[in-house]
Structures are given as C-alpha cells and as structure tokens.
Amino acid sequence: RMLKEIDVAHRMGVEVFVIDTGWFEKPGDWQPSPLRFPDGLKQVKAKLDGYGMKLGLWFAPTTVALTSQMLKTHTDCLQTIDGNTPRPWIVWETEASLGCCAVSRYGQDFANKLIQLNRQLGVTYFKFDAVDQYGCNDPNHGHGTSSNSGSERSDCYAFQMPLAMARIAETVSSAIPDAICDFDMTESGRSFGLAYLSAGKYFLINNGPYNQNYDHPLPPDGNWNLFFFPGPARDWICRSPLVFDQWIPSTLFLTHYLPDDPGENQMLSLASLVLGQDGIWGDLPAISESGVARFADVLEKYKEVREDITEAFPTRSGPVGGTPEVHEKIAPNGRGAVVLFARPGTYRYITLNRADRRVWHDDGTMVAFDEAGRAIITAKFEAPQEQFPKAGAHIVFFGVN
C-alpha cells in the first residue's frame, strides 16, 4: 500500500512522504513493525530514494511501551501526578505504554534515538504527535522539587515542555542538517508558542476539530470530525491561520489539504497550500489520473517561485471564506503568486505590487498589466456541474518559465 502511495505522490510532485502511526512495532524503541514492514522499510526507502523523495515518520515523543528497552533504562523519567503513575494505554494497535517526562534526561535520549534512526532508516522528517502540555508534576525531573507544590511543579512542566521539545529539535537538526521536526498542534491540550519555531515547525491543522462538517449532515457512522471531508468549509478554516504570515513564515505552519476529486476541490486545495502551508493528506491511489496531472502541473510551477512566495509579505483582500477572497504574495522582485477564491461570478483584481510578466495561470483567468507594472487579473468562476463544491479557486504565478 505504501509503495503505491509513493508512486502516486511522486507523480503528483510530492517531495516528502510521511508514514503515519503504525509503522513501528512499539513506542520507545521505534523499530519498524515486522508485521507491516518485514524488511525494515528498505523497499520504502529505496523507492523514495529513486524518486529523490525524503522519508518522514510519526513519533509520540513522550510515549514508551511497557516492554521497551527505553522504559527499562528510564523508569526514573516516568510522568507522575502527585506520586502516582497514570494507567498504561494502548498506542494505536501496538501495546500498552506509559509517558516519560520530556523535561527529564529522557528528552535528550529520545533525541539521540531519532539520530540513530536517521542512520539506520534514513528518516529526515520527524512528526511529533500526542504530546500534551500538562502531564507531570514529579519533583525529580527538573521542573520543581518537593519544596514546591504539585500545582507549581505541574505549571513549571507546562512551561518547560515546549522548551524541551525545542531542544530535541535543535539536537536532531544539529546532527542531521536537512532534518525537519514538526510538532502536532491539531488536538486540544497542546502547547503553542514561539520557542519551538526557532528549531522546528508546527503541524498546525489536519484532522480536528471534532465538530460536524458545515457542508455535510451527520454521517451514518456518527463521525463528527469536520476535517475528514473535502470542500470549501474545510479549506477556509485551514486558511484562517495564514494571518500569522505577517510575522512568521507560513511554511512553519504545516496544514494538510485533501486532494480528493472532483477537480474543483483539487483547485481549492492547491490554491490554499501554495500560500505556504504545503501539505497533502489523503488516499492518493484513489485520485483520478486527471487529478494527479493537475497536482503535478500546478506544483511544478509553484516550486519555481515558492521561495519568493515565502519571502513576500502577505496581502489579503476580502475575508477568509468571503467572495472574493484574494491572497497576494509577490516578492520585491515581482515573482510570486495571487490566488483567488469565490462563488460563481466574474471578479477583477489589481495587484498592489509590480509583477513579473512571465505568467502562468489556470483556465478561467486573464492577466494584463498596467503602466506601473501591476497585474490586472480577471477571474471567472463558473457554477460547478456538481452540487459540491459551491466555491472555486484560481491561481496565477508570476516569474515562472
């Protein structure tokens, strides 16, 4: 299954392939599952290498299995609350596990484990998940002593935990220059601050929040997760955090968009992700051939100007989810992009910045230039043949060959 996913991902233009939870035998030791990957991920890595793609793997940094070697050597690092160790829990079809304190000496040893896995498996992208901000008030881990109250030690842990995670990312990046450590913020109870962004990036939005999709009735299985369904509502919520781009590069806020057919939905996802969030998540072999080609065409052009898009100061006209909603990211050299979202109709937009005259745009848009070198974009949004989606997107790249 993963080999098929990689084949499609390569054809789409994906550069980093991350395998989610389930690739490992047990947390803590972090070795490939002999049931799912009996060759130790060798075929996966070989195929990725052949395509020039990078391997990413999922980790729960503070979780260790009861039978893991990591736990045997770090029993003094177990998370405790008022002297009590929480009951073990099952980690995604593996075995019962406990939590270790990231602030304790365990944090450094976990970072060393990741470096070892880079040497062993070739992994360079590390996805950190299931790390709660609170969870330990042990007096022997460096976030307070027995002279402090339990609540003080708990709050100190909450303050130090993201700093400990940043140290892990720094250690890994120092040993592996091309490593990327992303820290999952998609659930409640996670820390959110600037410190970690000095060393890694946030996995900002994927599968939460747990509310009903605005475009769908409650499904038969009772799954209320808004982000399991493609469509305009999902995308405009995902784009809302782009407001951070005024101060922090949007590339530090990974967000996953769904590549599902039909083509209208794929354009919504592409137009959103090229603003810097850069993520795709879904059933790749199920995508139509035309959909795979659509992603390949757009991402090929995007890669020519993505550094310019990252550098450019963001400008947005219209509210997120409004009609029209226009994002302009054109760097001082004139290279970059304008993306437009709207319901059916024809809309005109004039860029604030001078734009490079080497232009690529999708069907339904026209581009001219005024005397000042600003681009004049006319975009026509037609009513889709299908009931879904109800809004569309157009993309214009400036400075592409």
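In which helix is the place of Lys-301?

Reply: Happy to. Lys-301 sits in helix 8, residues 289–311; helices (H or I, at least four residues) and strands (E, at least two) are DSSP runs numbered from the N terminus. This is a predicted model, in which local features need pLDDT of at least 70 and side-chain atom pairs count only at pLDDT 80 or more, while totals for chains, interfaces and linings use all residues. Residues are numbered from 1 along each chain as its sequence is written, and side-chain values use heavy atoms, with hydrogens and water left out.

Lys-301 counts as buried because its relative accessibility is 16%; buried means under 20% relative accessible area, exposed over 50%, and partly exposed in between (1.4 Å probe, protein chains only). Leaving aside residues up to four places away in sequence, Lys-301 touches Trp-360, Phe-397, Val-400 and Asn-401, where contact means heavy atoms within 4.5 Å.

Helix 4 also has buried residues, among them Tyr-106, Phe-110, Lys-113 and Leu-121. Helix 4 covers residues 106–121, and its 16 residues reach 22 Å from first C-alpha to last, close to the 22 Å expected at 1.5 Å a residue; that expected span is 1.5 Å times one less than the number of residues. The partners of its buried residues include helix 2, strand 2 (54–59), strand 6 (123–128) and helix 5 (150–175). Just after helix 4, Gly-122 takes a positive phi of about 85°.

Now for backbone details worth a look. Most residues other than glycine have a negative phi, and most peptide bonds are trans. Asp-82, which is not glycine, has a positive phi near 55°; Asp-82 lies in the loop between helix 3 and strand 4 and counts as exposed because its relative accessibility is 56%. Asp-278, in strand 10 (residues 278–280), has a positive phi near 65° and is partly exposed, with a relative accessible area of 34%.

There are cis peptide bonds to inspect too. The bond from Asp-261 to Pro-262 is cis, with omega near 10°, and Pro-262 is in the loop between strand 9 (253–257) and helix 7 (263–277). The bond from Thr-323 to Pro-324 is also cis, with omega near -10°; Pro-324 is in the loop between strand 11 (315–317) and strand 12 (325–330).
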